[in-house]
Amino acid sequence: MPELPEVETVVRGLREALPGRCIVSVRLGKTDFIDDPAALESDLPGNRITGVRRHGKFVVVELEARAGAAASACLLVHLGMTGQLTTGRADTPAAPHTHVFFALDDGQELRYTDIRRFGRMVLASEGLRERVLGPLGLDPVEAGERDFCERLRGRRARIKALLLDQRVFSGMGNIYTDESLWRARIHPKRIAASLKEAELARLYRAVGDILREAIRLRGSSVSDYVDAKGERGEYQMRHRVYQRNGRKCHRCGALIRRVIVAGRSSYFCPRCQPAPRGRKRVRRQRQLKIKKAPARMKKPA
Ligand SMILES: [Zn+2]
């Protein structure tokens with residue numbers, strides 16, 4: 001948390017307020033999540049913001065190339081677990097745990113608030129931007145079906161672990177991974193190589209549909225997430241498995257369960273998403289029945 005839909009929502013909000021604005025001054029509180037706080041304070045004032053976009057779960061604030069500079073820099077912000085990036089009037093009181101204040105030339109302020117400070121902020125040159133963003137995988141919203149399936153086909157890892165791996169796909173976290181696997185009726189512990197082509201195609205559609213729907217509803221507010229205006233998202237009302245253990249599956253009525261996969265809590269429906277071991281056991285039981293059948297027939301009626 002926040003994941004792709006939440007970061008996309010924040011980016012869309014910031015895009016309404018930031019492009020064209022000049023950063024007048026920078027004020028910092030706690031700085032342990034900032035790569036080089038001194039550089040942020042000294043180099044950022046005077047920079048004009050040209051755009052805001054999303055790369056995986058990073059917010060990328062593009063800055064105008066300065067005279068004499070070979071390439072433009074950008075401000076990269078990762079919201080971590082509880083980061084919030086909001087804009088508002090500079091004279092409004094700051095929320096607790098607000099650690100960065102960017103004063104803008106129109107009297108507004110861009111603020112970064114983060115209770116747990118697992119986020120990251122870095123003023124990045126072209127080279128550093130490449131080092132941070134370069135290793136990130138395919139964007140699951142923009143990916144075509146062929147590229148998406150190609151990343152998973154034949155991989156000897158659990159499907160949930162691959163979906164969470166930011167080098168494979170960038171932007172997915174625990175919520176949207178679990179929701180997508182439920183919609184595609186795939187157990188989180190399945191090995192990717194065991195997925196049939198029809199299952200890969202179903203997963204591709206599920207991931208894209210769920211992420212787009214979540215963006216439309218401005219993300220899921222399960223803990224601290226708010227958009228750039230400080231408002232909560234609505235997609236948490238549509239969650240089908242995430243944090244619903246012990247409650248009924250919307251599709252079949254079985255009770256949702258929780259298991260640990262890839263070190264993370266994973267929610268799934270034991271009936272809609274058959275476990276890999278369960279699939280083998282069913283096959284074995286069928287074989288045993290075939291062997292036992294003649295013996296039973298000899299018994300007196
Ligand atoms: Zn079910």
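# Packing, zinc and backbone

Q: What do the buried residues of α6 pack against?
A: The buried residues of α6 pack against α1, α5 (159-164), α7 and β10. Contact means heavy atoms within 4.5 Å. Helices (H or I, at least four residues) and strands (E, at least two) are DSSP runs, numbered from the N terminus. This is a predicted model, in which local features need pLDDT of at least 70, side-chain atom pairs count only at pLDDT 80 or more, and totals for chains, interfaces and linings use all residues. Residues are numbered from 1 along each chain as its sequence is written, and side-chain values use heavy atoms, with hydrogens and water left out.

Q: Why is α6 called largely enclosed by the rest of the structure?
A: Ten of its eleven residues are buried, so α6 is largely enclosed. Buried means under 20% relative accessible area, exposed over 50%, and partly exposed in between (1.4 Å probe, protein chains only). The buried residues of α6 are N174, I175, Y176, T177, D178, E179, S180, L181, W182 and A184. Just after α6, R185 takes a positive phi of about 60 degrees.

Q: What makes α6 and α7 oblique to each other?
A: Their axes cross at roughly 130 degrees and come within 8 Å. Axes are lines fitted to C-alpha atoms, for helices over the stretch in contact, with angles from 0 to 180 degrees between N-to-C directions. Roughly parallel is under 35 degrees, roughly antiparallel over 145, roughly perpendicular 65 to 115, and oblique is the rest. The helices α6 and α7 are therefore oblique.

Q: What is the handedness of the crossing of α6 and α7, and what does the term mean?
A: The crossing is right-handed. That is, the near helix is turned clockwise from the far one by less than a right angle. On the α6 side, Y176, E179, S180, L181, R183 and A184 take part. On the α7 side, their partners include R202, L203, A206, V207, D209 and I210.

Q: How do you know which atoms coordinate the zinc ion?
A: Donors are N, O and S atoms within 2.8 Å of the metal (3.2 Å for Na, K and Ca). The SG atoms of C249, C252, C269 and C272 coordinate the zinc ion at 2.2 to 2.4 Å. Along the chain, the donors follow the spacing C-x2-C-x16-C-x2-C.

Q: Why is it said that C249 and C269 tie together parts of the chain?
A: C249 lies in the loop between α7 (197-216) and β9 (257-261), and C269 in the loop between β10 (264-268) and α8 (276-298), so the pair ties together parts that are 20 residues apart in sequence.

Q: What makes the arrangement around the zinc ion tetrahedral?
A: The four donor atoms subtend angles of 98 to 113 degrees. Four donors count as tetrahedral if all angles lie between 85 and 135 degrees. The arrangement is therefore tetrahedral. The ideal angle for four tetrahedral donors is 109.5 degrees.

Q: Do C249 and C269 count as buried or exposed?
A: C249 has 5% relative accessibility, so it counts as buried. C269 is buried too, at 0%.

Q: Why does Y267 count as buried?
A: Its relative accessibility is 9%, so Y267 is buried. Y267 is found in strand β10. Its contacts, leaving out residues up to four places away in sequence, include D178, V241, Y242 and I256.

Q: What makes R218 and A262 partly exposed?
A: R218 has 25% relative accessibility, so it counts as partly exposed. A262, at 48%, counts as partly exposed as well. R218 sits in the loop between α7 and β9, and A262 in the loop between β9 and β10.

Q: What is the phi of R218 and of A262?
A: R218 has a phi near 60 degrees, and A262 one near 55 degrees. Both values are positive, in residues other than glycine. Most residues other than glycine have a negative phi.

Q: What kind of peptide bond joins M1 and P2?
A: A cis bond, with omega about -15 degrees. P2 lies in the segment before α1 (4-17).

Definitions and conventions. Tetrahedral: all angles 85-135°; square planar, octahedral: opposite > 155°, others 65-115°.
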